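Student: I'd like to learn how to read salt bridges and helix packing in a model. Can you walk me through it?

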Amino acid sequence: MPIDPVALLDDCERVWCTIERTAVLTRERGRSALVVEALTAYATLAEAAGLDQGVVADRWPACTVHAAAMIAASADGPIRQLIERVPKQLAEAHPQLALEQAETSVDALRARWASAAAQAERHLGAARTSATPETAPHSTQTAQDHGPSRASGDLDIRLGPGGTGVVIALSEPAGGGPWELTADGRTCAATPPYWMLPGPVRRVTATAAGESEHVVPVVDPRTALLAFDADGLLLPAHEALPPTHVTLLHVGPLQVDGGRDAGVELPVPYGWGGWTMTRLSLDGTHRIRATDGAEGHWWDVAAGTSLAWEGGRILDCLRTSDGAAVWSEPPALRLPRRRGETAAEPWRITVQRPGGPPLAQLTGARGSLVEPWRDMPRPLVGAYEIRLDGPGRARRAIAAFLAEGVIAEPSVQWRQFTPSGGLASARARVDGEPLLGFRGSISLGPYDTAKTLELRDTSGRTHGVHLVVPHSELRLETDGSPGPWTVGPLVVEAAELGRRCVLTVRLPDRAVSVEPVVALVVDGVRLHTLRPQRRASTRKGDLRYVLSELADTARDWTEARLHLVVAGQDLPVATLRTQPIAREVVSEGHQLVLRGGRAAGVGAHLYRVLAPWQPAVDAQADDMGRIALPQALRDAGPLIVRLRARAEPDVPPPWPDLRRRDTLVARRLPVAVHGGQDAGSAISAYLAGYGELRPWSRQFAPLVWIVAARGRDLQDCGARTSAPADCRALLAEAGTEALYAAADAGLSTKAIAPVLVATGLAGLRVRDVARPDDVRHVWRHAPLCALLLTAPLLPYLAGGDAYELAELYPQEVHLLDEVGEFAGDGLRTLLASGADPHRGVGRFDARTRALAELPAPQQRALWASVGAVPTALLDESTRVAAAWEAFRARREFSHVALREEGGDWTDALERFLAETAAPLADAVRDRAPGPLRGLDEAWMRVPQLSLGFALVARLAAAGDGRAARLEHSARPVWSALAVRAPELTAVDLVLAEGLVTSVRLTGAAGGNGHA
C-alpha cells in the first residue's frame, strides 16, 4: 500500500522527539527504514533545487537524528543499498529535474547526514524537554508552583467573548463523544468548542475517549492572580509577564512595583464574584501582585521586547466563537528578547494550525520583526498558531485568526438601547473572496447581538466567525455574583433587592458626558432616581447602580419599572416584581399549571423525583402560566419545578434547593413503571414503591449513592419513604467498595460528607491501599472518599525516618501528591509537627454571637468575599467558609437534639478523648464556644461537636473498639448536624484524620493504646 511520506515523517516526528534513538533502532526498524528512504528522497530533491540539506533537518529534526544514527550503524547491507538507490529512482521518475548530478557515494551521504543530525540535535533541545516549563530568570515563582498555565494544544484557558466568562477551549476528542471535566471534585460533561468555568477553581481535569488525561491548573491561592494577553489567552504563571497591555483577574487591590498606568476596572466574568478584573499596561512595571495573595508572591514583568503582533489590520466587528480578534491583513511578529540576551541566539519559528502539523518553519533573531506568512499560500484563512523554540528550554506561543481579504464595515460604531426596547437596528457590509454564500449587506435586529459568517480556506475547510457590532448591555449582580450580559430588559425580584443587588449598564464613553441616572417609574411617574457609583478606575461607560436602595420604595407596589435616563430619553432596562412567580404547581393532563402568582412567560427547570440522577429538563411557561410536558416526563412521576423569572435558558444546578420559594413540587403525576433491567429503570421502580432494592452491584452503586445523598428531598417529594435508609444500609454493607463507587456518582464533596456519616463509612477501617490505580480515579471525582482510602499512607507525609517514601510504589507516591493537592499544606504541617497551623479556626464565640445580632444584609456584606479564592480543604479560608455555612444554618439546628443533649455530648466527647489522647481533647476544647446565655444558643456548640464526632470516627477507623461503639451511638445526632453543615463535616473529617495520624506517629495515645 502506498505511504504518504509527509504523513509518515510528521507522525514519527511527534512520537520520536521524546524517545531515545537506541529504542527506535531496536523496536522500530521497519518504520526507520521507511523514514530513511523518505528523508533521502527529500534531501536529494532539496540539493537538486539548490537548497541546503539542512532544510530537511529543520523540518523533521527528530527523524533526521534517528535516521543518521541508523545510517551510521549500517555501513553495509540494506541501508547502504537504499540510500544509493533512492537518488537513481528519482532521476528515472523525474528526468526534467536533472537529478543525475545528485548521485553521490554512501560515505559522502553519511557525512552529510551526520552534519544535518548535529544541527537537528540543537533544534531538538526544547522539544525533548517540552513537558518541563521554562523557569523565567526574572520570576519569583518556580516551574513547580501551582498556578495558571496554558494547557497543551487543545485545552487553552481564555476569557470568553467580551470577558463574560473564563472558558476552556476544547477540541473534538479523537474518540468522539463529550469531554468529562472535573473542576475541584465536581464532574460534568462538556462539548466543544469551549466550556465556561463555573467560578474560581484550582484545577480542571479533562478526559475523553481517545485522549490522554489533561490536568489544567487555574487558580493558585497563593497569588490570587490570573493574567490574560491581548487575545484573551491565559498567560503561564511560570513565565514573566510581557511589558504590554494585559487583563488581570485578581482578589484585592493590585500592588505595582514601577509603572504609571492605574488601569481600567472591567466588569468581572460570570461566576467570579469577589474578584476584580483590570486592564492595564505593564510598560515600565518591574513586578506586580494581588494584595490578597500570600506575602512575597510577586509576578515579575520581563524587560526588553515581548512576543507580540505588529502592524496588520483587525476587523473591529468580527470575532471568533471564543471572542478572539480577526485580522483582515496579516500582522508581522515581534520576537521576544530579554535584557542581556544576544540577537545571535535565534528563535526557531513553526507555523501550524492548532494541534496540526507544521505548515512553515523559519528562524529569526531575538527582538527582530519577522513575517511568518511570507511563503504560505494565500489567502490566509482560519486559526493559526505560532510556536517559538529557543536554546535550552525556551518556548513561546502566540495565536491569530486570519481572514485575509475580508471586508466588514458596520453602519454604526455603537448600537444603543431604544425607548421601545432592545438595540437600535444596524447593518454591515461584508465582502471578500473567503466568504461562503452571502455577500453584501447583513441586518441586525433589535435583539440580534451577532450573526454567524462562514469562511473557506485554500484547502476547502470552513471556519465560523461572528459579526458583532459593539452595543450597550445590561447585567445584574446579586451578593457579589454577576449574572450574564443581556440586551433585553431584566426582571428583578423584590427578594433580590435585599441581597446587595447591583445593575451594570454598558454604554459608549461619549454617551456619559452627562451622567445618566436610573429612575424607578410607577404608572409613568418617577418615584426615585439613582446615580451611578463613582469608581475612578472603571471604564467610563460601565455604570453601576445599587438597586438595594430601592427595596423599601418598591415594596409598596406590585410592579414597577426601571428606566435609564440618558440624553433626554427614557430607556427601559428592568422590571421590578414584588409578587412571587407562583405559589403552587398542579398537573392538568400533559401540562403543569402555575398558580398564585404572575407566571406568564417564566422559565423552569424540571427534575425527576424518581430518577434524581437525570439532568434537568429546560421548559418555559406560556402567557397563561402553563408548561407543556415533554413526552419523556408525562409518566415520570413527581417533578420538582425550579422557576426563574428570566425566560432565557441558564445553567441549572445538579439538584435544586427545596427551601427556596421559587422551587415547587408537582406530586400528583402519573407513574409508568418500565420493566427494564438497566440500573436506572430498576431503581426508579423501587422509588415509586414497586419491588425491593436489588443487592449490591457496581452497576447500581452510583445511583444508590445519589439516592442516599438526596434522600430527604426525595421523601418530601413523594418517593418511597424507606429509600434513603435502604440505600445507606446497602452502602454500609459494601464498605470499601462503596467508597470506590462514589467516583462514578458525580456528587460534590458537600453532598458526599453527610452520606459518609449516616452510613458509618466515615469510621470504616481501611488497612492498606490494595488498588492504587482505582484510588487515583476516586481522587479525580470523589476526593473525600479517596482520602479515606488513602489513609494508611498518610504517615509517609510526615517526613520521618520511620516512614520513607522510597518504600512506596510510584502509584502510591502519586496518591500522596493528590492528598497534598486536596488538603493543602496544613495537613503536611500537622503530620510533620503535630501542631495544627490553624488551630481554633471555625469556633463560634462572642464575635459570632455579635454577628448573629446584625441584620441579615449586613451579615452578607461582611462575608461577601468568603470563598472568593478556591483553597485546599484545610486552609484557613476554607475552614472559615465552612463555619460560615454552619452559621447561616443556625436556626435549623433547633430541630436537632442540641438544646437538651448538646452539653451531654460535649462532655462525653471530651472525657473519651482525654482518656484516649490528650492532643485530641485539646483540639475539641479549642472549638468550645465559652459560656452560653441559654438553650437558644445551643447552635454555638456545632463546630465543637462536629470535630469531636469526626475524631471518634477516625479513631474507630484506626482500630479503637471503644471509639467504634461511641461513633455508632452518636451517629443519629452527627448525621443531623452533617446534613445541615456538610462543608464543616468534610473539613473536620480530614482534620480529624490528620490529628489521629499525628497522635499515632508521636505516640501520644492514652491508656487504652488503640489510637
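The dialogue below takes up salt bridges, then a pair of helices.

Tutor: Keep in mind that this is a predicted model.

Student: Okay. How many salt bridges does the structure hold?

Tutor: Here's the general idea: side chains of opposite charge can pair when their charged atoms come close. In this structure there are 41 salt bridges. One of them joins the side chains of Arg-289 and Glu-295, at 4.0 Å from N to O.

Student: Is Arg-289 buried or exposed? And what about Glu-295?

Tutor: Arg-289 has 3% relative accessibility, so it counts as buried. Glu-295, with a relative accessible area of 71%, is exposed.

Student: Which parts does the salt bridge between Lys-750 and Glu-983 tie together?

Tutor: The closest N and O atoms of Lys-750 and Glu-983 are 3.9 Å apart. Lys-750 sits in helix α15 and Glu-983 in helix α27, so the pair ties together parts 233 residues apart in sequence. Lys-750 is partly exposed at 41% relative accessibility, and Glu-983 is partly exposed at 29%.

Student: What links Arg-203, Arg-780 and Glu-818?

Tutor: A network of salt bridges does.

Student: Now the helices. At what angle do α11 and α13 pack?

Tutor: About 130°, with the axes 8 Å apart. That makes α11 oblique to α13, and their crossing is left-handed. Among the residues making the contact are Trp-705 of α11 and Arg-728 of α13. By class, the contact has 8 nonpolar residues, no polar ones and 1 charged.

Conventions:
Residues are numbered from 1 along each chain as its sequence is written. This is a predicted model: local features need pLDDT of at least 70, side-chain atom pairs count only at pLDDT 80 or more; totals for chains, interfaces and linings use all residues. Side-chain values use heavy atoms; hydrogens and water are left out. Axes are lines fitted to C-alpha atoms, for helices over the stretch in contact, and angles run from 0 to 180 degrees between N-to-C directions. Helices (H or I, at least four residues) and strands (E, at least two) are DSSP runs, numbered from the N terminus. Angles under 35 degrees count as roughly parallel, over 145 as roughly antiparallel, 65 to 115 as roughly perpendicular and the rest as oblique. A crossing is left-handed if the near helix is turned anticlockwise from the far one by less than a right angle, and right-handed if clockwise. Contact means heavy atoms within 4.5 Å. Ala, Val, Leu, Ile, Met, Phe, Trp, Tyr, Cys and Pro count as nonpolar, Asp, Glu, Lys and Arg as charged, and the others, Gly among them, as polar. Buried means under 20% relative accessible area, exposed over 50%, partly exposed in between (1.4 Å probe, protein chains only).
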